[in-house]
Amino acid sequence: MTARDGNGWTRCGLGHRHWGRHGAAGLLVAAPDPASGGVRGVVPSGQHGGTAVLLAQRSFWASHGGTWGPPGGARDSHESPVHAALREAAEECGISPAAVTVHGVLADDHGGWTYQTVLASAEAPLAVAPASDETRDAAWVPVADVGGLRLHPGFAEQWPALRTALVPLTVIVDAANVIGARADGWWKDRAGAASRLCAELAKLARAGIPELPDSAGIPPLPRRFPLIVVVLEGAAKAAACDQPGADGRAAADGRAAADGLAQPADGRFRVVRAPGSGDDEIAAQAAALPGHRLVVTADRELRARCQAAGASVTGPRWLLRLL
């Protein structure tokens, strides 16, 4: 395994010539656009009028010179798509990996060669500039204006799917309901059962979610890294769970891991100990958190309250299958 061993041309199963012997990856970062009425820390759900994405213009001497697309390039043999995309964004545009939150990966498979777009978000547009001779320019472009640019052909083909996947996802877990859906002795030790569930959810947050229930109603991705918020109430609040943030209701800004697809649990996992009713806290979370929200509960009344707040819902069976 050698740095830069991915540099070089290769051909895919379709006979097309591509740069990147082990495939390639790019980073598509979205941020609220203050000039368009975007709100700091919030990428609007359902529309992108207030959202901008970071794009880089290739130098004219490069392949597809002068075209715009996400910063990216060849993967080395030892790199994951996330690692490669974050490295390329730092090298080409000066973006720090710690400044963005990774929430998904979309693969464009050409048969034996794959370009993987890593989707991420930032609280606000970051300072960017061309940082290598491969990059002629770098800019935050309003989503509505992307189609008017001369785009890299591969990015132009993927843009409609990528545009629908810009909004991050939060999964809000009704711990009491999920714990009660499996017979693991929870009736004897609710705190212990909650501790086990939290450990499993933290692991899932690092590994990512390969599938969503149909009820989520959002575009599928090969891998999503949602923020997972678990709400504890009653005796379960004594569970030995890490509490990375003091305010679980605030929008989390988990930092992207630079060493692989796995994400740090402190950025993608939150424990909220309800001061009163767990249902009230879950409904409040569903109403307050930005982006797509998916609530995991089988409680009919709570499901109706969360749907009224604009969240989608699913039952514990989907989550338990993932765990």
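User: Leaving aside its neighbours within four places in sequence, which residues is valine 230 in contact with?

Analyst: The model is predicted, with residues numbered from 1 along each chain as its sequence is written; local features need pLDDT of at least 70, side-chain atom pairs count only at pLDDT 80 or more, and totals for chains, interfaces and linings use all residues. Side-chain values use heavy atoms, with hydrogens and water left out. Contact denotes heavy atoms within 4.5 Å. Once the neighbours within four places in sequence are set aside, valine 230 is in contact with Val173, Ala175, Cys198, Leu201, Phe269, Arg270, Val271 and Val272.

User: Which members of the largest nonpolar core touch the most other members?

Analyst: A nonpolar core is a set of buried Ala, Val, Leu, Ile, Met, Phe, Trp, Tyr and Cys residues joined through side-chain atoms within 4.5 Å. Buried means under 20% relative accessible area, exposed over 50% and partly exposed in between, with a 1.4 Å probe and protein chains only. The largest such core has 31 residues, and those touching the most other members are Val171, Val230, Leu232 and Phe269.

User: Which element contributes the largest share of this core?

Analyst: Helices (H or I, at least four residues) and strands (E, at least two) are DSSP runs, numbered from the N terminus. Strand 10 (169-174), helix 3 (175-179), helix 4 (190-207), strand 12 (227-232), strand 13 (269-273), strand 14 (292-296) and helix 8 (316-322) each provide at least two residues. The largest share amounts to eight residues and comes from helix 4.

User: What is the order of strands in the open sheet of five strands?

Analyst: Two strands pair if DSSP finds at least two bridges between them. Strand 10 and strand 14 run parallel and are joined by five bridges, with leucine 169 opposite histidine 292. Strand 13 and strand 15 (312-314) are the edge strands, each pairing on one side only. Pairing in this open sheet is parallel, and the order is 13-12-10-14-15.

User: What angle does the direction of helix 4 make with that of strand 12?

Analyst: Axes are lines fitted to C-alpha atoms, for helices over the stretch in contact, and angles run from 0 to 180 degrees between N-to-C directions. Helix 4 packs on the sheet and touches strand 10, strand 12 and strand 13. With strand 12, the direction of helix 4 makes an angle of about 170°.

User: How far apart are the end C-alpha atoms of helix 1?

Analyst: Helix 1 (residues 81-93) has 13 residues. The expected span is 1.5 Å times one less than the number of residues, so helix 1 should span 18 Å. The end C-alpha atoms agree with this, being separated by 18 Å.

User: How many residues of helix 1 are buried?

Analyst: The buried residues of helix 1 include Val82, Leu86 and Cys93. They pack against strand 3 (24-32), strand 4 (51-58), strand 6 (72-74), strand 7, strand 8 and strand 9 (135-142). Helix 1 is largely enclosed by the rest of the structure because the number of its 13 residues that are buried is ten.

User: Which residue in the turn between strand 7 and strand 8 has a positive phi?

Analyst: Strand 7 (residues 101-109) has seven of its nine residues buried. Strand 7 pairs with strand 8 (residues 114-121) in the antiparallel sense over eight bridges, and aspartate 109 stands opposite threonine 114. These strands form a hairpin with four residues between them, and the turn residue with a positive phi, about 85°, is glycine 111.
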